[in-house]
Amino acid sequence: MAFATSQVVRGFSSSAVRNVVIKNVTIIGGGQMGAGIAQVAASTGHSVTLVDTSDDILKKSIKTIEGSLKRVVKKKFADKPEAGEEFIKKVVQNVSTSTDVESAVQSSDLVVEAIVENLKIKQDLFSRLDKLAPPHTIFASNTSSLSISDIASSTSRQDRFGGLHFFNPVPMMKLVEVIGTPATSQETLDSLLNFSKVLRKTPVSCKDTFGFVVNRLLVPCIMEAIRLYERGDASKEDIDIAMKLGAGHPMGPLELADYIGLDIINSVIEAFRTKDPNNPLFNSSDLLNKLVAEGKLGRKTGEGFFKY
């Protein structure tokens with residue numbers, strides 16, 4: 001959906017407006033992305049509530065955060081181990097966990113959703129949260145492929161709804177894509193941009209176009225690499241070497257696909273194809289479909305295009 005000119009100016013101008021101060025953050029989804037977002041928010045002094053469906057998942061999330069913080073401390077506090085331990089303790093104290101979403105959002109300034117890439121599930125979640133959260137609370141989705149407008153349509157606060165697309169691993173990756181819809185208010189956009197900066201991230205603004213900036217460029221590139229390998233034009237090793245040495249990429253496209261998760265790549269390209277079925281860049285791949293069906297999803301399962 002295109003913005004009217006006035007909406008573009010309103011949505012992405014740099015004029016100063018009053019912003020919502022974000023102190024209390026609720027993150028729905030305790031997986032790798034949710035735990036990463038929780039870590040960076042807690043590390044910058046926010047009060048964070050991490051929500052998932054079971055205590056076992058949440059215990060694993062906290063262990064993930066602690067493990068990540070230890071790696072940070074090893075570099076940042078190499079000569080001051082006691083200060084490092086204090087830093088870890090302080091950050092972890094800023095994170096509480098809950099399986100009760102109703103109580104978790106009651107004092108939230110911002111709710112960030114980081115659950116499965118399924119539009120209906122996200123809509124159902126936000127429809128429920130809309131009735132529970134305070135009126136001032138901003139909603140944001142971490143979706144990488146779905147329309148923010150479509151997700152927000154399930155709520156009555158579309159002016160307080162935007163996209164916050166973090167990148168994996170969240171503590172390491174500096175970029176956040178901040179997505180505004182035609183209904184997103186300037187105040188909400190500025191609050192999300194400022195929040196990203198407080199997290200010590202670099203935000204970029206983008207309209208609610210499918211794939212936003214990074215995935216719109218990256219995923220078709222990965223799919224072309226898969227098709228190149230699928231046709232037998234080059235080996236998977238040579239494809240990755242070529243892009244690392246010839247294009248200066250730190251990681252080849254097939255290794256990167258394994259790192260992201262082949263299921264995620266597949267779901268993103270399917271979402272693109274739904275939006276633009278006649279675009280050959282968004283065609284599916286039989287090889288990718290086969291690997292996903294076999295549960296060979298990349299690093300997280302020990303095998304994808306490569307074995308780990």
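I am working from a predicted model.

The open sheet holds 8 strands, ordered 3-2-1-4-5-6-7-8. I noted the pairing as mixed. Which strands stand at the edges? They are strand 3 (95–98) and strand 8 (202–207). Each has a single partner strand, so one side of each lacks a neighbour in the sheet.

**Strands 6 and 7**

I went on to one pair. Strand 6 covers residues 161–166 and strand 7 covers residues 175–180. The two run antiparallel, and 4 bridges join them. I picked out Gly163. Its bridge partner in strand 7 is Ile179.

**Helix 3**

I checked what helix 3 (residues 55–76) lies across. I found strand 2 (47–51) and strand 3. The helix runs at about 160° to strand 3.

**Cysteines**

I searched the whole structure for disulfides and got 0. A disulfide is a covalent bond between the sulfur atoms of two cysteines. The cut-off I used is 2.5 Å between the sulfur atoms. From the other end, Cys221 is in no disulfide, and its nearest cysteine sulfur is that of Cys206.

I then looked up accessibility. Cys206 has 10% relative accessibility, so I log Cys206 as buried. Cys221 has 31%, so I log Cys221 as partly exposed.

Methods. Residues numbered from 1 in each chain as written. Predicted model: local features only at pLDDT ≥ 70, side-chain atom pairs only at ≥ 80, totals over all residues. Heavy atoms only, no water. Pairing = 2+ DSSP bridges. Contact = heavy atoms within 4.5 Å. Axes fitted to C-alpha atoms, helices over the stretch in contact; angles between N-to-C directions. Buried < 20%, exposed > 50% of the residue type's maximum accessible area, 1.4 Å probe, protein only.
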